Amino acid sequence: MSDSQSVVLLHKERINNETEHRISSIGSNLNVLIIVPRYGFTNKINYHYTFPLGFSYISSVLKKAGYPVYCLNLNRIAGEMDEIVLNELDKRSYNIVCTGNTYLGLVQTEKLMATIRNHPS
């Protein structure tokens, strides 16, 4: 193993330990919502997209650690994105809300984040 590979591995281990410490310090009452954004500019149900694998990884790690994880896939629900997200946020109190997208979905992701930030919870 080269020196640069060792440095990368040590850096990843440090980041993983810091993240694990931050999550464990919040406590077991942590509620996490993962929102899969819409991959298209429509309010209709869309089955023609590739599910983002990263969300699955995040969900499985948190579930394995014993945290309740809730998922909202906006591609599988018809209607206005804002209304769907607000209805979900009204159901329970979430400590963390996760989402993400590629550059092509930047406008929708920004709209989604504004909806989340403006919610009173």
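**Note on the predicted model**

1. Leu112 touches Ile35, Pro37, Leu74, Met81, Val85 and Thr99, leaving out residues up to four places away in sequence. The model in which these contacts are found is a predicted one.

2. Leu112 is one of 11 residues in the largest nonpolar core. H3 supplies the largest share, 4 residues. Apart from this core lies another, of 9 residues, including Ile34, Val36, Phe55 and Val69.

3. Helix H3 spans residues 81–91, and its buried residues are Met81, Ile84, Val85, Glu88 and Leu89. These lie on the same side of H3, because they cover an arc of only 130° around the axis. The face turned away from this buried side carries the exposed residues Glu83 and Asp90. Among the elements that cover the buried residues of H3 are strand S1 (32–36), strand S2 (69–73), S3 and H4.

4. His119 lies in the segment after H4. Is His119 buried or exposed? His119 has a relative accessible area of 9%, under the 20% limit, and therefore counts as buried. Setting aside neighbours within four places in sequence, its contacts are Leu86, Leu89 and Asp90. Of these, Leu89 is one of the buried residues of H3, while Asp90 is an exposed residue on the face turned away from the buried side.

5. Leu104 belongs to the loop between strand S3 (96–98) and helix H4 (106–118). With a relative accessible area of 76%, over the 50% limit, Leu104 is therefore classed as exposed. Together with Tyr103 and Leu106, Leu104 makes a nonpolar surface patch of about 410 Å².

6. For the chain as a whole, there are 4 helices and 3 strands. Along the sequence they follow the pattern α-β-α-β-α-β-α. Among contacts with a separation of 6 or more, 75% are between residues 24 or more positions apart.

7. The protein chain has 121 residues, of which 29% are buried. The chain exposes about 8,300 Å², and carbon and sulfur atoms supply 57% of that area.

How values were computed
Residues numbered from 1 in each chain as written. Predicted model: local features only at pLDDT ≥ 70, side-chain atom pairs only at ≥ 80, totals over all residues. Heavy atoms only, no water. Patch = residues over 30% accessible without salt bridge, like charges linked within 9 Å, V, L, I, M, F, W, Y side chains within 5 Å. Areas by Shrake-Rupley, 256 points an atom, 1.4 Å probe, with all protein chains shown as cover. Salt bridge = Lys/Arg side-chain N within 4 Å of Asp/Glu carboxyl O. Helix = DSSP H or I, 4+ residues; strand = E, 2+ residues; numbered from the N terminus. Buried < 20%, exposed > 50% of the residue type's maximum accessible area, 1.4 Å probe, protein only. Contact = heavy atoms within 4.5 Å. Arc of directions from axis to C-beta. Core = buried A, V, L, I, M, F, W, Y, C linked by side-chain atoms within 4.5 Å.
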